[in-house]
Amino acid sequence: MSEQESITFLEGKISVAAALRSPYRAVHRVLLRSDRQDRTVRWLQHRAREADVPVVQVDTAEIDAVTQGTSHGGIAAEAGQRQFVNLEALLPRGNGAAFVVMLDGIEDPFNFGQSLRALYALGADGVALRPRNWMSAAATVARASAGASELMPMAVAETVAEAASFYRGRGLTVACAQKEDALPMDEADLTAPLFLLVGGEKRGVTRSFTKQADVRLQVPYDRVGYEPSLGTTAAAAALAYEVMRQRKHTRREV
């Protein structure tokens, strides 16, 4: 890999701040528009110093040249490639029940980022991906995820079946999101260690995998007669919320 290929640029306060906190990506320098002097800039300068990352004052044109569009707000970061962990590292080290999600087949980087945002906010321990993933569109994903893409532990599996087999072997229930012939999520016990597969926008979860899953989960609708499936982001958010809700309820009962 060439030096040029190993560099990515993140943009905007939230993405850059998340990258400075992240153990999964090296930040080489922070670029700040030279005529911007405000609380946000001072805060980022402080964060960069804490992370031992140099801050460079540049003009707007230089930031425009390395970012997408003009919504960066005069803030960008030059960083290395996103680093992934192994599948084992997605499992929690404490006593809590694992909750690992695999996002497979998502074709839109905004959907991918939004899904990561929901999963991170709702407490997923980590996300598994196949080798082709949207981290090559790091700036878009980071913005869509509000920085969650920089903070969420992520691992790569060659196939969905490989990831499912790995986590089943470690005691996790293997589940998938499925609209038909599936158990409503609020009727399933999601308090046990769980590996959840959420499919992409077009093909969803393959039929062969649904047959292998221990449980198929659907998001129940409250509007009778509405047939279309939820989008990937909405399904991931709804299912992750139900996992969080059930586990919080269980902890309150203990």
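The centres of domain 1 and domain 2, taken over C-alpha atoms, lie 30 Å apart. Domain 1 spans 8-82 and domain 2 spans 87-253, with bounds from an automatic or database domain assignment. The model is predicted: local features need pLDDT of at least 70, side-chain atom pairs count only at pLDDT 80 or more, and totals for chains, interfaces and linings use all residues. Residues are numbered from 1 along each chain as its sequence is written, and side-chain values use heavy atoms, leaving out hydrogens and water.

**Contact and buried area**

- In the interface, 17 residues of domain 1 are in contact with 14 residues of domain 2 (contact: heavy atoms within 4.5 Å).
- The two domains bury about 1200 Å² between them (accessible area, 1.4 Å probe, lost by two parts on being put together, summed over both).
- Carbon and sulfur atoms carry 51% of that area.
- On the domain 1 side, Ser15, Tyr24 and Arg82 lose the most area to domain 2, together 35% of what that side buries.

- The rule finds 2 salt bridges between domain 1 and domain 2 (a side-chain nitrogen of Lys or Arg within 4 Å of a carboxyl oxygen of Asp or Glu).
- Glu150 and Arg25 form a salt bridge through their side chains, at 2.6 Å, N to O.
- Strand 1 (8-11) and helix 1 (13-21) each supply at least two residues of the domain 1 side that touches domain 2 (DSSP runs: helices H or I, at least four residues; strands E, at least two; numbered from the N terminus).
- Helix 1 gives the most to that side, with 5 residues.

- An open sheet of 7 strands runs in the order 7-6-5-10-8-11-9, with parallel pairing (at least two DSSP bridges between paired strands).
- Strand 7 (154-156) and strand 9 (183-184) are the edge strands, each pairing on one side only.
- Strand 9 pairs with strand 11 (residues 215-218) in the parallel sense over 2 bridges.
- Pro184 stands opposite Gln218 in strand 11.
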